[in-house]
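Please view the sequence and the coordinates together before reading on.

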Amino acid sequence: KHSVIMDVDTGIDDAMAIMFAVKHPDIDVKAISCVCGNVSVDNVVKNTLKILDVLNAPTIPVAAGAVRPLIEEARSAAHVHGAGGLGDVNLPASSRQGQPIHAVEMMRHMLTESLTPITIVALAPMTNLALLLRTYPECAAKIERILFMGGSASVGNATAVAEFNVWHDPEAAHIVLNSGVPLTMYGLDVFNTVGLDAERVRVLAASDKHIAQVLGGLLSFQFPGEEEAQESSRRLIGDAGAVCALVAGDLMVRESFPVQVQLAQGANRGQTIVDRRVHIGEDTIHGTASAWPVVEVVLSADVDKVLELFF
Ligand code: BDR
Ligand code: CA
């Protein structure tokens, strides 16, 4: 069983990722840490607790973390996720309470007290994780791997070249990438391909099961602009695909490459530079890729099989 801490900015697709993780028999969600990203951290906490209600989940500690990125102002993605963050799915406020401590403290307690290493599944800007690794560097040894949705070896979404989670807090992503913790990057190369057709979404939304209705509602709203840009009109499962990578990595093509984050101001700030050269040659002349952290990058997936797993 995978012991997991999820770091989220719920968010339509974070909601679907939480649904999948909580329901999967081989995943033990120890805690959910919330961060400012798609919407404000307060809304992220509220949305997360509501989704746990929909799932009738056991008590899982949820805590609020960073209210903004390390350097930049927060830049919401409400245009993608709706004003509240869950599209037009209206759920009653939860009676569950968030933890009275900061998400970074919650993660530290979990990691320190755990007898076995924990995997962090990061589905949001990595501000909380950067703060954790800088404040309590000894925690790194208790993290088995950080599997993050973020970055890209090709196109961007927040900008032409930058993916939203990395772009929202590039310095945080840089800290995490260079932390020495084993990393898997589930970026836009694969993220943009894992989707289902609109007909299947309609069937879900019309179901008499509450979970299916909520899922159908979330998927109906998803990524209106992006959809047209993608082949056909597939509705992406987004962050949920990254959780699938945790339990079904064998359904995905993964390769390790040196990766760095572009931190300089300018048109490519927040880009993940993935060095896919076969022969990385004279570093002193051509760049310093050999000093870059090596990251396992998920490049593609057997989409039908991943969707089958998700459902
Ligand atoms: C990522 O950004 C957010 O809007 C989504 O929740 C996902 O984590 C995609 O770039
Ligand atoms: Ca997210």
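The model is predicted. Its chain contains 14 helices and 11 strands, and buried residues account for 50% of its 311 residues.

**Overall fold**

- The radius of gyration of the chain is 18 Å, which agrees with the value near 19 Å that a compact globule of 311 residues would have.
- The C-alpha trace spans about 65 × 45 × 35 Å along its principal axes.
- Among contacts with a separation of 6 or more, 81% involve residues 24 or more positions apart in the chain.

**Helix H4**

- Helix H4 covers residues 103-113, and its buried residues are Ala 103, Val 104, Met 106, Met 107 and Leu 111.
- These buried residues line one face of the helix, because they fall within an arc of 160° when H4 is seen down its axis.
- As a general point, an α-helix has 3.6 residues a turn, so residues three or four places apart point the same way.
- Thr 112 and Glu 113 are exposed and lie on the face of H4 that is turned away from its buried side.

- Strand E4 pairs with E1 in the parallel sense, over 4 bridges.
- Within this pairing, Met 6 stands opposite Val 121 of E4.
- Strands E4 and E5 also run parallel and are joined by 5 bridges.
- Ile 118 has Ile 143 in E5 as its bridge partner.
- Strand E4 has 4 of its 5 residues buried, so the rest of the structure largely encloses it.
- Strand E5 is likewise largely enclosed by the rest of the structure, because 5 of its 7 residues are buried.

**Shell around ligand 1**

- There are 15 residues around ligand 1, of which Gly 11, Asp 13, Ala 77, Phe 164 and Asp 239 come nearest.
- Helix H1 (12-23) and helix H6 (164-168) are the elements that give two or more residues to this shell.

**Asp 14**

- Asp 14 is located in helix H1, one of the elements that contribute two or more residues to the shell around ligand 1.
- Asp 14 counts as buried because it has 32 C-beta neighbours inside 10 Å, where the cut-off for burial is 20 or more.
- Leaving aside residues up to four places away in sequence, Asp 14 touches Val 8, Asp 9, Leu 123, Ala 124 and Asp 239.
- One of these contacts, Asp 239, is also listed with the residues that come nearest to ligand 1.
- Asp 14 and Ser 256 are 242 residues apart along the chain, and their C-alpha atoms are separated by 25 Å.

Definitions and conventions:
Residues numbered from 1 in each chain as written. Chains lettered and ligands numbered in written order. Predicted model: local features only at pLDDT ≥ 70, side-chain atom pairs only at ≥ 80, totals over all residues. Rg over C-alpha atoms; globule rule 2.2 N^0.38 Å. Buried ≥ 20, exposed ≤ 12 C-beta atoms within 10 Å, placed from the backbone. Contact = placed C-beta atoms within 7 Å. Arc of directions from axis to C-beta. Near = placed C-beta within 6 Å. Pairing = 2+ DSSP bridges.
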